[in-house]
Amino acid sequence: MIDTEISKQFDRRSAIFLTGGMFLTSFLVLRMLQMQVFNYKTYKKKSENNSFRIQINMAERGKILSSSGTAISHDTPIYRIYLIPEEAEDLESLVDTVAKDLKLSKKRVEKIWARIKKQQKFQPVLISENTDWQILAGLQAKNLPGLHVNSGYSRLYELGPAGAQIFGYVGTTEKGMPNTPFYTTGITGLEKTFEKTLAGTPGQTVMITNAVGRITGEDQNLFKNPIVGNDVKTTINDTIQRKLYDSLSLHKSGCGVVMNIENGDILAMVSAPSFNPNEFMGDDSEEYISQLRQDIAKPFMNKVFEGLYPPGSTFKIVVALAALEAGAVNPSETTFCPGHWDYGDRRYHCWEAKGHGKMNLAGALKNSCDIYFYQLALRIGIDAIKNMAEKLGFGEKYIQEIIPKQMTGVIPDRRWKENKIGSNWVHGDTIISGIGQGFILTNCMQLAVMMARVASNKRIIPRLLQTDKQPKFKSMGFMPQNIKSVLTGLEEVLKPGGTAAGSAINVKGLKMGGKTGTSQVRSISRAERISGVLTNEQLKWNMRNHGLFVGYAPTNKPKYVVCVITEHSGSSGSAARTASATMTELLKNEG
Amino acid sequence: MTHQIRFSNANMMSFSEKLKRFSWPLFIPMCLVLLLSEVVLYSAGGGSWQPFALSQLLKIFLSLGVFAFVAFSNIKFWIKSAYFIYAIALILIILVTFVGHTGMGAQRWLNIGFINIQPSEFFKMALVLVLARYFAWMNSVDISKFKNYLIPFLLMVIPFALIVTQPDLGTALSIALITGGMFFIVGANKKWFLIGGILLVLAAPVIWYGGMHQYQRDRIITFLNPDSDARGTGYQINQAKIAFGSGGILGKGYLNGSQSQQSFLPEKQTDFIFTMMGEEFGFIGAIILLSLYSAIIILLFWTAKTCKNRFGQLVCFGFMLNFFIYYFINISMVLGLVPTVGVPLPLMSFGGSSLISLLFGFGISQNAHIHKDQQLSAKGS
């Protein structure tokens, strides 16, 4: 028990506290009464007069520029009309008036009403973008409370679908800035990667409004000017970009890249089919986007980096160089191709069933003789092939800081097969690796880098952003005569009798060298081979072979490389023609 | 110093026995205020669970766990560990003063991995515990001796000095008031308070010029004349007053506080949450909250009064003081009755540190109530 003296004291003194507490609390109550009951009207009026609206003045977004300084993506000023429901005197008649003046479709009006019901009353609802000036002036003259005009920017994509996966587009996000419904940020591609550089800093105008939402003044002290974003200067040549896209678009699906060997500049980079971000803003944008999403040819995919393909015969360049560097083959040494080769208990076929006859290295490249490369691969072994492939840049990511999403593919060896497939590496695996089939998977960018490194004997690294500094590339250290032996074969490919004979470039005095490839998407069974292999026309689109072409030009002094892949095109002809047309355009413009 | 130590052989209570003694009247108003805080935070998020309501809900559940643990624990544990808890809280205060994070011009936050904690919030409860532990076993003779107040004064004044330099005037003031209140209730001589008051008035100019940050001086100047700087320091309090006053008797309706929702009422989810309530629910809403608070105070007082052991009584009383000071300072501040100091509205404001320390307080008061008939010794045996 607490002793009585202390207990009594507690009672006495706590009474003082309670009295004090009641006294203080009554102060609070009186103050509340004073503010909310007696002075309610004063505060209400103050709240109405004092209410202000911050209008964000959007900053002009920086441009994405081509190598020549022309804009690829840039902002263009537009006027947006929007309404704030709680400010309207009669919301229905306001929407009706606006719909009539702007000639809005019924669907659009429905969308506006859906938006009004979904949002809170003080949040803005967009009515129209790209409003014509005269109609706008007419509407403003009517002075309708609740109706607002916001001058902002709309993004224009000059190249449209050509490289849209790479340059990306802007859009509104939930995470955007508060109280700014029209604030856009980069959603994909360079627009996203360089958001901070491009975005700039929005300014603000603080408008003081009265009870019905009419603007009564502006607080000059809080005004802030927007700061324009910085430009991003790319290495893209817009003419070549368009040309590559246009010729690639003749085929259902594919990708291509053009590079300058001297500095690694990516001049063009295209994935087809594509999408046109300029059409993302209109009323029918939702239908357009859902249509794109359903397309089996995947228009949103950046196939240059994300598409993985067996390199097929283009890989013969790697095998040839590996064998030469290993000293395992003399370029003039010949192999006889009867159209097939029996090794172990299996028969390996050449694409030319009749056979090529006697083939040296140049001839084997020119005719893309499979038998020659089966035997060469077996002679040097998978480790030498893998080693060379990695030196030439397969299995790597490029400009990853700009394009984060990339697939690196597979350059297999013994350990890889044991881990991934769970069985031992056999000679048959080495043999089919010799023609770029089997487990090998590469992307378009890697093939272009390979071609660039072979053509230049330098460790070329591609770049997409312009810098003042001219990059210096290390030598690959290959024997010049070995490079020459390979390039001689590649020159033959585009000469009469070669696998890309019809695709020579059309520039006076200049020639292109290169290598075709046809990569199987499915394996052909023995039974089928006996009963007659199905022609590509008989197969479903997505079971047909891919066509590939890697090339460089001019042959006397290599400056550019090109790699084109046409998906499921059946043969390499389309890829070679696309590459040739693009290279022709490039060299012609150079004069 | 001779303590009048009483021994008791009271047995450990079983859980069901504790549950029977649990004070529902003390528990229910607390829960009602917590519920109200969720309602208002949902509105502060613009009619959304994000970013405040959901996050706070998790903190409420966590704090209720702390509450349950403390309420049903053995009171002897708290007697035994009072000094230890105080030491830890003091170490945290020292840490935050030297390595803490700065927010709103004050160094109050300690970042431990994924969360920020505000040690000064926990310190208030630690102080109540240690003062109750110190005075509980003093007889009426010892209690009137001046020298017996020197140690507890030091226990307060060291962290007080540190908190002032953070600078967190609101909390510093709170702990000074809690200590003063505790001294008074245990039976300190009334003359000492008079002398202390006179000393404080004399020291005021020194504090004004030597111990305060410019922004604190600004706040007081602004308080005395809010229109002197309507867009700067006075902006906050002016906006708060307009928002609150324009709520009227019935308020503007849930989610419709135009000032809080659309204009820039700063800190509407933390220190100024009462303003937002007042705008949306009006005088009626504000009175309901104030009534719930008053009910909590009366119930805490009753718990203290009916407690048959001195430790439980002092802990309850100390917590009651803490709770009252919390909401009185906060509401006075947002109504423009005192200068702006950073004190949250108890159980209502967004934030975890204050919530956990408050529910710890409610837990320990329940604990005292459950053990109110037990005789306790200073050794906690």
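**View 1. Strand 11 (residues 254-260) of chain A runs antiparallel to strand 19 of chain A, joined by seven bridges.** This is a predicted model. Across this pairing, A:Val257 stands opposite A:Cys563 of strand 19 of chain A. The model as a whole scores ipTM 0.89 and pTM 0.60.

**View 2. Strand 18 and strand 19 of chain A form a hairpin.** Six residues lie between the two strands. Strand 18 of chain A spans residues 546-553. Its pairing with strand 19 of chain A is antiparallel and holds seven bridges. A:Gly551 has A:Val562 of strand 19 of chain A as its bridge partner.

**View 3. Strand 19 of chain A (residues 560-566) is mostly covered.** Of its seven residues, seven are buried. In a regular strand, side chains alternate between the two faces of the sheet.

**View 4. Chain B meets chain A through 38 residues of chain B and 32 residues of chain A.** Five elements of chain B each give two or more residues to its side of the contact: helix 7 (169-186), helix 10 (233-245), helix 11 (258-262), helix 12 (273-306) and helix 13 (310-334). Helix 12 of chain B supplies the largest share, nine residues. By type, the chain B side that touches chain A divides into 15 nonpolar, 18 polar and five charged residues.

**View 5. Chain B contains 14 helices and three strands.** The chain has 381 residues, and 50% of them count as buried. Take the contacts in chain B between residues at least 6 apart in sequence: 71% join residues at least 24 apart.

**View 6. Residues 1-10 of chain B have pLDDT below 50.** Chain B has a mean pLDDT of 84, and 85% of its residues reach 70 or more. Over residues 1-10 of chain B, the pLDDT is below 50, yet this stretch has 17 contacts in the model beyond near neighbours in sequence. Where pLDDT is low, the predicted coordinates should not be read in detail.

Notes. Residues are numbered from 1 along each chain as its sequence is written. Chains are lettered from A and ligands numbered from 1 in the order in which they are written. This is a predicted model: local features need pLDDT of at least 70, side-chain atom pairs count only at pLDDT 80 or more; totals for chains, interfaces and linings use all residues. Two residues are in contact if their C-beta atoms, placed from the backbone, lie within 7 Å. Helices (H or I, at least four residues) and strands (E, at least two) are DSSP runs, numbered from the N terminus. Ala, Val, Leu, Ile, Met, Phe, Trp, Tyr, Cys and Pro count as nonpolar, Asp, Glu, Lys and Arg as charged, and the others, Gly among them, as polar. A residue is buried if 20 or more other C-beta atoms lie within 10 Å of its own, exposed if 12 or fewer, and partly exposed in between; C-beta atoms are placed from the backbone. Two strands pair if DSSP finds at least two bridges between them. pLDDT is the predictor's confidence in each residue, from 0 to 100.
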